[in-house]
Amino acid sequence: MTWLIVAALLLLAALGAPLFALIGAVAMLGLHAGGADLTVVMVEFYRLADMPVLVAIPLFTLAGYLLGESGAPKRLVRLTDSLLGWMPGGLAIVALCACALFTAFTGASGVTIVAMGALLYPALRQARYGDSFSLGLVTSSGSLGLLFAPAVPLILYAIVAQQFNTTPPVSVDAMFRAGLLPGLLMILLLAAWSIYVAPPLERGPGRIDWREAGRAAWDARWEIPLPIVVLGGIYSGAFAASEVAAVTAAYVLVVTTLVRREIDAPRLVAAIREAMALVGAILLILGVSLGLTYWFIDNSVPERLFEWIGAHVDSKLAFLLLLNLFLLVLGMLLDIFSATVIMVPIILPIALQFGIDPVHLGIVFLANMQLGYFTPPVGMNLFIAAYRFQRPVLEIVRACVPFFLILFAAVLAITYVPWLSLVLVR
Amino acid sequence: MDAAPGDRARSTPLPLRWLHAAETALLVAAVLALVGLSAAQIVARTLFDGGWAWVDPLTRALVLWTAMLGALAAARDDRHINLDALTRLLRGTPLRFARFVTFAFAAGVSALLAWYGWQLVLLDRESGTPAFGFVQAWHVELILPVGFGLLALRFLVRAFVRPQPPSP
């Protein structure tokens with residue numbers, strides 16, 4: 001009977017059933033088998049209204065969607081181009097930095113490729129970068145930057161990990177600090193590659209057009225305070241994540257609708273709806289998975305898994321290697337939010353037993369997921385890019401190969417050098 | 001005023017359009033209140049060292065409400081998170097079949113969750129658990145049976161609806 005149910009659920013999953021329904025079903029079936037009152041599923045779900053950090057997720061997501069709807073991406077590209085465009089590989093580096101900053105705010109939901117790729121791909125082609133390089137760059141940059149504050153995946157990981165009361169604890173602030181160096185490493189490696197393959201400069205090296213830079217800065221005067229307030233507020237430790245989120249959302253709302261007037265009332269309603277549909281989809285999964293986690297812990301599932309894995313894997317290193325491989329596959333199949341909510345409750349207790357710092361684990365997890373976005377054959381961003389640029393998926397896959405290898409090297413470094421994640425935290 | 005892509009104006013019956021408009025209006029109001037309240041709370045806290053005790057629990061309740069209303073919007077636009085590696089390859093009748101089975105399943109699970117949400121409401125109404133101010137916990141919890149109930153109905157309806165053309 002149990003196997004029949006498992007098979008049915010797997011079939012439903014393969015046919016594309018909503019994940020929250022699958023998780024809810026597993027939680028209810030498990031609790032029912034244990035003889036529990038199923039109202040506990042809703043008691044756990046209701047804890048969504050009892051987590052102070054959670055408010056950061058709708059607020060940052062809203063800010064990201066509003067920024068994406070406004071002219072901010074265009075101004076961001078113009079400003080970074082005026083400052084970095086003079087370098088060899090400058091425009092490619094502009095693309096990397098602009099995408100990373102944009103993804104940090106929008107949380108890697110494919111918005112980056114659609115909003116930034118549309119601007120950057122033609123610009124790269126015009127600057128005589130190869131077609132394959134340009135496609136690969138904008139596709140793989142679509143998930144770059146999700147290790148930087150205030151990316152929602154970092155917040156979500158902290159929230160899920162906090163359910164386990166680990167020592168040392170996983171605060172949102174700790175995750176924000178931990179992601180900084182690993183994220184920079186990824187950008188540096190990609191920048192080095194870009195400089196290596198870049199076409200010779202047209203403008204001549206070493207010349208910043210200061211007047212254009214000034215004009216671009218003036219054009220972006222309402223956006224410039226944002227990264228300063230957000231990153232400064234978070235990395236200085238002066239404000240909690242939820243406070244920065246509140247200020248950011250209110251500021252972006254006022255600037256885009258009242259000051260710049262780039263978003264009118266109907267578009268505001270549409271943007272709120274779009275953003276909250278994503279938030280709702282994520283939080284619904286988080287809510288039902290709280291019930292599942294309750295059942296896991298009640299049945300000491302993590303301990304049993306650890307015993308089973310411990311019988312086959314004896315070292316931390318071997319465990320990390322297996323984790324990398326497993327997460328790579330997972331990242332192709334699941335988006336980052338559901339992967340975090342579903343897998344972290346299973347992986348975290350095991351990793352703790354192997355003596356892995358929970359904050360380091362979070363960065364490893366998310367860095368792997370970032371790679372999964374464009375891992376062939378089924379990474380989500382490959383399809384978004386194919387759709388957006390009207391190319392066959394295979395062509396996009398081929399274009400992404402060098403970028404994949406570079407970022408894979410970065411992920412390995414992040415995995416096996418915990419210092420990168422932890423030096424700013426502990 | 002409703003800019004929902006899932007809402008093809010004339011094909012949707014009037015009462016349903018009213019429901020959609022009400023959902024969107026409530027969602028927008030909740031989000032704007034969420035932004036306004038949490039920003040005001042910070043201003044009050046930093047400038048006057050004050051703030052209001054009821055704001056924090058209210059914003060947390062608003063997070064739950066926006067999540068449920070957002071989930072309803074996601075269902076209307078077919079944007080609930082799923083594994084789509086296989087369904088991407090399906091067309092025509094197999095796709096209609098897959099959607100029927102999975103959405104009917106989602107409707108069933110949602111209905112169960114709505115039922116247990118209702119049990120929670122009854123439980124907390126009986127015990128009179130307070131939430132904040134004059135608001136009781138069961139007032140906040142009402143969104144659970146209502147939200148999951150509507151979600152169940154919506155999935156049931158969508159199980160029969162023709163899929164929209166693919167988009168990223």
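1. Which residues in α9(A) meet which residues in α19(A)? This is a predicted model. From α9(A) come A:Pro153, A:Leu154 and A:Tyr157. Their partners in α19(A) are A:Pro358, A:Leu361, A:Gly362, A:Ile363 and A:Leu366. By class, this contact has 7 nonpolar residues, 1 polar residue and no charged ones.

2. Now the geometry of that pair. Helix α9 of chain A spans residues 152–162, and helix α19 of chain A spans residues 358–372. Their axes come within 11 Å and cross at roughly 140°. The crossing is right-handed.

3. The largest nonpolar core has 211 residues. A:Phe45, A:Phe365 and B:Phe148 have the most contacts inside this core. Helix α15 of chain A, residues 265–298, gives the most to the core, with 18 residues.

4. Neighbours within four places in sequence are left aside here. In chain A, B:Phe148 is in contact with A:Phe20, A:Met42, A:Phe45 and A:Leu284. In chain B, the contacts are B:Met68, B:Ser110, B:Leu113, B:Ala114 and B:Ile143.

5. Along the sequence, their pattern is α-α-α-β-β-α-α. The C-alpha atoms of chain B fill a box of roughly 60 × 35 × 35 Å along the principal axes.

6. Burial and contacts in chain B follow. Of its 168 residues, 45% count as buried. Among contacts in chain B with a separation of 6 or more, 69% join residues 24 or more positions apart.

Notes:
Residues numbered from 1 in each chain as written. Chains lettered and ligands numbered in written order. Predicted model: local features only at pLDDT ≥ 70, side-chain atom pairs only at ≥ 80, totals over all residues. Heavy atoms only, no water. Axes fitted to C-alpha atoms, helices over the stretch in contact; angles between N-to-C directions. Helix = DSSP H or I, 4+ residues; strand = E, 2+ residues; numbered from the N terminus. Left-handed = near helix turned anticlockwise from the far one by under 90°. Contact = heavy atoms within 4.5 Å. Nonpolar A, V, L, I, M, F, W, Y, C, P; charged D, E, K, R; others polar. Core = buried A, V, L, I, M, F, W, Y, C linked by side-chain atoms within 4.5 Å. Buried < 20%, exposed > 50% of the residue type's maximum accessible area, 1.4 Å probe, protein only.
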